[in-house]
Amino acid sequence: MNYVIVGNSVAAVGAIRAIRERDQQGNITVISREKHNVYGRPLISYLLGGLINEKRMAYLPDDFYARNRINLLLASEVVGVDTEAKKVKLAGGDAIAYDKLLLATGGDPFIPPIEGMSGKDRIFTFTTWEDAAKLKGIAPDINRAVVIGGGLIGLKAAEGLNLLDKSVTVVELADRVLSSAFDRPAGKIVARKMKANGIDVITEDTVVRIEGDGAEISGVTLKSGDFIPCDTVVVAIGVRPAATFLKGSGIEVNRGIVVDATMQTSGKDIYAAGDVAEAADFFSGQKNPMPIWPDAYIQGDIAGAAMAGGTKEYVGGLAMNSIEFFKVSTISMGVTNPKDPAQYEIHTYQDIQNYQYRKVVLQDNRLVGAVLVGNVDRAGIFSGLIREKVDMTPFRESLLTPDFGFLHLSKEIRNRLFAPQGKVADNGRAERAAGH
């Protein structure tokens, strides 16, 4: 059996382990357009800022690929899939045959058309190790940078540059930073921490033109008419599933690659997992891309199991976002900004001065969403309560207390929260405990 995996990410790792649990003899080829072994993407801001070195970026033991007998092709880009011949086409003209194929290509940065962008040298994105390396390479020549976008990626780029003592301004179109993942109070706490560390934050505005002569950047002009001087721009508006190489393949692509509960695409023997996949949402069942690190591992595990003859199924992705910013940890999960608040019961606690905030969202006495800022140690309990649809009646009054945890749960509920996912959950926790 020839297994081919396009993309070398956490989803690929989940798939490799699942395949090898069931098939010790099959050939596994992993193709990646990046030149590095799989690494902790959340760490790239710390690499940029000098808090860690390149050795700390590793996500896996050095012998992982050899031990699992992986044919690893780095710096190799797949440009097409021939579903009839069952081959993937490489940029250099070669083709590799597959019996089972996994597409785990992640996401590509979205770069909107901004006037004056063409021909400028110092415009960067910030989603890969290479992006961080490029910024770090010119860091001695950076005086002032503007980051376009106040989401997770933009804030980590701003943090990395700030750690290098660079002057940074974040420009965000929404009324707060982290608007898509967190609510207004959480966004305000993070913005307060940013300003306390010297990062300027501009909201409800956007960059309409990048100024400068030739390749040089002198600043940016905002929609409001304000001008911000700078010599470097980081575009961090968001990412899109990296699926353009499938054009003409016949594989169904909507916003991402559409998959079923086993992560199989519309193409025979072809699967997708991670940021590139469009899978079912936990609450609605509607299919959406779910760019969540732990979820990508679970999807990869399910896909790998199916490729090797297993029968695991995906129960739906739970929207979850996490960011640590200047040692303030934040996590949001599930429904955090209900479109119709009247249908939900919302409780909050906040201590702005100490960067502490907690929000729980209930519906029919079940927890459906939570935001934790400052104290996130028990986030796993909250996500388990959401997934298991546990009745909150016995302990609903304790959800906002700082010490809420196992002691508030019955033995039966503890077993429900942590027994079902078994080894998959254990692997995910083990990987994250390693620093991811």
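Q: How do the residues lining the second largest pocket divide into nonpolar, polar and charged?

A: Happy to start there! This is a predicted model, where local features need pLDDT of at least 70 and side-chain atom pairs count only at pLDDT 80 or more, while totals for chains, interfaces and linings use all residues. Residues are numbered from 1 along each chain as its sequence is written, and side-chain values use heavy atoms, with hydrogens and water left out. Now the general idea: rolling a probe the size of a water molecule over the atoms shows where empty space is left. A pocket is an open set of points on a 1 Å grid over the protein atoms alone where a 1.4 Å probe fits, with protein on both sides within 12 Å along at least five of seven lines; lining residues have an atom within 4 Å of a point. Here the lining holds 7 nonpolar, 1 polar and 3 charged residues; Ala, Val, Leu, Ile, Met, Phe, Trp, Tyr, Cys and Pro count as nonpolar, Asp, Glu, Lys and Arg as charged, and the others, Gly among them, as polar.

Q: What volume does the second largest pocket have, and which residues line it?

A: Its volume is about 170 Å³, that is, the space filled by probe spheres set on grid points joined across faces, edges and corners. The lining consists of Phe 282, Phe 283, Val 335, Tyr 344, Gln 363, Asp 364, Arg 366, Leu 367, Val 368, Ile 386 and Lys 389. Strand β26 (residues 366–373) contributes the most to this lining, with 3 residues. Helices (H or I, at least four residues) and strands (E, at least two) are DSSP runs, numbered from the N terminus.

Q: Which residues of helix α8 are buried?

A: They are Ala 379, Ile 381, Phe 382, Ser 383, Gly 384, Leu 385 and Ile 386. Buried means under 20% relative accessible area, exposed over 50%, and partly exposed in between (1.4 Å probe, protein chains only). With 7 of its 9 residues buried, α8 (residues 379–387) is mostly covered. Ile 386 also belongs to the pocket lining, as does Lys 389, which sits just after α8 and takes a positive phi of about 55 degrees.

Q: Where do other positive phi values turn up, and are those residues buried or partly exposed?

A: Compare two loop residues. Arg 69, between α3 (64–67) and β3 (70–73), has a positive phi of about 50 degrees without being a glycine, and is partly exposed because its relative accessible area is 43%. Asp 269, between β18 (257–258) and β19 (270–272), has a positive phi of about 65 degrees and is not a glycine either. Asp 269 is buried because its relative accessible area is 10%.

Q: Why does Arg 176 count as buried?

A: Arg 176 counts as buried because its relative accessibility is 11%. Its place is in the loop between β11 (167–172) and α6 (184–196). Polar contacts are pairs of N or O atoms within 3.5 Å; within protein, one must be able to donate a hydrogen and the other to accept it, and residues adjacent in sequence count only if both atoms are side-chain atoms. The Arg 176 side chain makes one with the side chain of Asp 175 at 3.0 Å. That side chain of Arg 176 also reaches two backbone oxygens, that of Ser 179 at 3.2 Å and that of Phe 182 at 3.1 Å. Contact in general means heavy atoms within 4.5 Å; beyond four places in sequence, Arg 176 has such contacts with Phe 182, Asp 183, Arg 184, Thr 203 and Asn 337.

Q: Which side chain makes a polar contact with that of Thr 221?

A: It is the side chain of Glu 211, at 2.7 Å. Thr 221 lies in strand β14 (residues 219–222) and counts as buried because its relative accessibility is 19%.

Q: Which residues does Ile 5 touch?

A: Leaving out residues up to four places away, Ile 5 touches Ala 12, Ala 15, Ile 16, Ile 28, Thr 29, Val 30, Ile 31 and Leu 102. Ile 5 belongs to strand β1 (residues 2–6) and is buried, with a relative accessible area of 0%.
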